[in-house]
Amino acid sequence: EKGGYEHFMIKEIYEQPRAIRETMSSRLAKDDSHIILDELKWTKQEMAAIKKIVVVACGTAYNAGLVGKYYLESLSRIPVEVDVASEFRYRSPLVDENTLAIVVSQSGETLDTLAALKEAKRLGAKTLAITNVVGSSISREADQVIYTWAGPEIAVASTKAYTTQLVLMSMLAIYIAGLRDTISAERSRELISGLRNLPAQLHEILEDVESIKTFAQKYGFNEDVFFIGRSLDYAVALEGALKLKEISYIHAEAYAAGELKHGTLALIIEGVPVIALATQHDVYEKTLSNIKEVKARDAVVIGIAQQGDEQINKYVDHTIFIPKADKFLAPILAVLPLQLLAYYAAVTRGCDVDKPRNLAKSVTVE
Ligand code: M6R
């Protein structure tokens with residue numbers, strides 16, 4: 001069933017162009033003018049009444065929620081909170097009938113996420129589930145559901161579920177912004193055509209993984225790895241660190257690059273690997289100055305940057321380039337090298353990639 005691959009995880013990493021194409025299929029208008037989400041039955045009036053969105057999830061799905069917050073807030077101008085499900089359910093959340101609660105869960109069975117969904121419903125929120133499993137408990141409990149069409153995800157480490165969740169989140173944000181008239185026709189078209197380019201761009205990354213493999217082999221025996229980035233790159237950094245911890249057991253931490261000098265910089269010493277994401281043009285110069293800070297402490301820096309970036313090489317030890325994309329969509333590309341780094345680091349260390357110690361694919365206990 002692994003289709004010639006050594007592990008489910010690497011098979012699922014390679015399935016991403018297809019999974020994303022499926023998730024988008026029939027949901028992008030032919031002329032790129034709008035998003036089609038016929039599953040959603042909201043009226044313009046109902047959407048106009050929404051005062052707040054809460055996104056609730058665990059693990060990787062939570063990390064996808066952080067990217068979703070950025071999409072939803074920038075496009076629909078509705079305030080968005082993202083919460084870990086096990087926290088949300090026990091903190092008497094401020095949720096009412098003018099709240100839209102979005103739960104994100106690959107399996108649709110995560111107990112804390114299901115309980116958070118029930119709590120949001122009890123408090124009167126409108127609820128929406130983003131899940132990968134048709135008929136799952138979460139899909140049955142939510143008022144409305146949109147499915148990622150990633151296909152079954154077997155490896156404990158989530159990969160194609162994350163990228164399809166990001167794709168769906170971006171489509172949802174464009175859709176809601178359309179209902180609220182907060183997005184221009186031009187921006188909408190730009191993003192939709194950007195979405196269409198993703199499968200081919202992902203494919204491009206997957207065609208040349210040699211340098212990533214080499215870095216993983218070289219740095220796979222370090223005790224600590226740091227991931228830094230700003231804005232959407234920070235959200236992706238969190239996912240990169242989770243992936244590395246989960247399957248390679250390397251201690252990894254992600255920081256908003258601007259936070260480093262508020263404490264963590266003390267840990268950056270000679271030879272410590274730092275993966276620096278620099279795909280967001282609006283904060284690019286700021287990120288570069290953070291990269292200089294870690295370089296000055298003799299960290300080994302691997303930059304993740306957009307093709308065409310001619311500056312980055314001057315400041316980092318190595319660069320992994322991703323195909324050029326809109327800053328909104330760059331996370332969907334930038335996470336791939338991080339998934340691959342984690343995978344090859346785990347393989348180098350001889351870890352049980354598909355079944356990491358202590359973890360289960362679906363967490364149905366508290
Ligand atoms: O099925 P779910 O999306 O609700 O699962 C949530 C987390 O348990 C899951 O994403 C976990 O963090 C993964 N093992 C990460 O790779």
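**Ligand and surroundings**

An oxygen atom of the ligand is 2.4 Å from an N or O atom in the side chain of Thr110. That pair is a polar contact, meaning N or O atoms within 3.5 Å; within protein, one must be able to donate a hydrogen and the other to accept it, and residues adjacent in sequence count only if both atoms are side-chain atoms. Of the 410 Å² of accessible area that the ligand has on its own, the protein covers 91%. Accessible areas come from the Shrake-Rupley method with a 1.4 Å probe, and for residues only the protein chains shown count as cover.

Before going on, the ground rules. This is a predicted model, in which local features need pLDDT of at least 70 and side-chain atom pairs count only at pLDDT 80 or more, while totals for chains, interfaces and linings use all residues. Residues are numbered from 1 along each chain as its sequence is written, and side-chain values use heavy atoms, with hydrogens and water left out.

Back to the ligand. A polar side-chain atom of Ser107 lies 2.7 Å from an oxygen atom of the ligand. Thr60 takes part through its backbone: one of its backbone N or O atoms is 3.1 Å from a ligand oxygen atom. Which residues come nearest to the ligand? They are Ser105, Gln106, Ser107, Thr110 and Glu246, out of 13 residues around the ligand. A residue is counted as near when one of its heavy atoms lies within 4 Å of the molecule or strand in question.

**The chain as a whole**

The chain has 13 helices and 10 strands. These are DSSP runs numbered from the N terminus: helices are H or I with at least four residues, strands are E with at least two. Along its principal axes, the C-alpha trace spans about 55 × 45 × 45 Å.

Buried residues make up 58% of the 366 residues. Buried means under 20% relative accessible area, exposed means over 50%, and partly exposed is in between, with a 1.4 Å probe and protein chains only. The accessible surface of the chain comes to about 14800 Å², and carbon and sulfur atoms hold 51% of that. Contact means heavy atoms within 4.5 Å. Among contacts between residues at least 6 apart in sequence, 76% join residues at least 24 apart.

**Helix H2**

Helix H2 covers residues 16–24, and its buried residues are Gln16, Pro17, Ala19, Ile20, Thr23 and Met24. Why do they sit on the same side of H2? Because they cover an arc of only 165° around the axis, the arc being that of the directions from the helix axis to the C-beta atoms. An α-helix has 3.6 residues a turn, so residues three or four places apart point the same way. The buried residues of H2 pack against helices H1 (8–14), H8 (160–179), H9 (185–207) and H13 (330–348). After H2 comes Ser26, with a positive phi near 65°.

Ala101 lies in strand S3, residues 99–105. Ala101 is buried, at a relative accessible area of 2%. Beyond four places in sequence, Ala101 is in contact with Val54, Ala120, Ala125, Lys126, Thr127 and Leu128. Ala120 is 19 residues away along the chain, with 6.6 Å between the two C-alpha atoms.

Ala129 is in strand S4, residues 126–131, and counts as buried at 0% relative accessibility. Leaving out residues up to four places away, Ala129 touches Val103, Ile138, Ala142, Gln144, Val145 and Ile146.

Ser139 is in helix H7, residues 137–141. Is Ser139 buried or exposed? It counts as buried, at 8% relative accessibility. A polar atom of the Ser139 side chain lies 2.8 Å from the backbone oxygen of Ser136, and one lies 3.3 Å from the backbone nitrogen of Gly135.

Val347 counts as partly exposed, at 32% relative accessibility. Not counting residues up to four places away in sequence, Val347 touches His7 and Val353.
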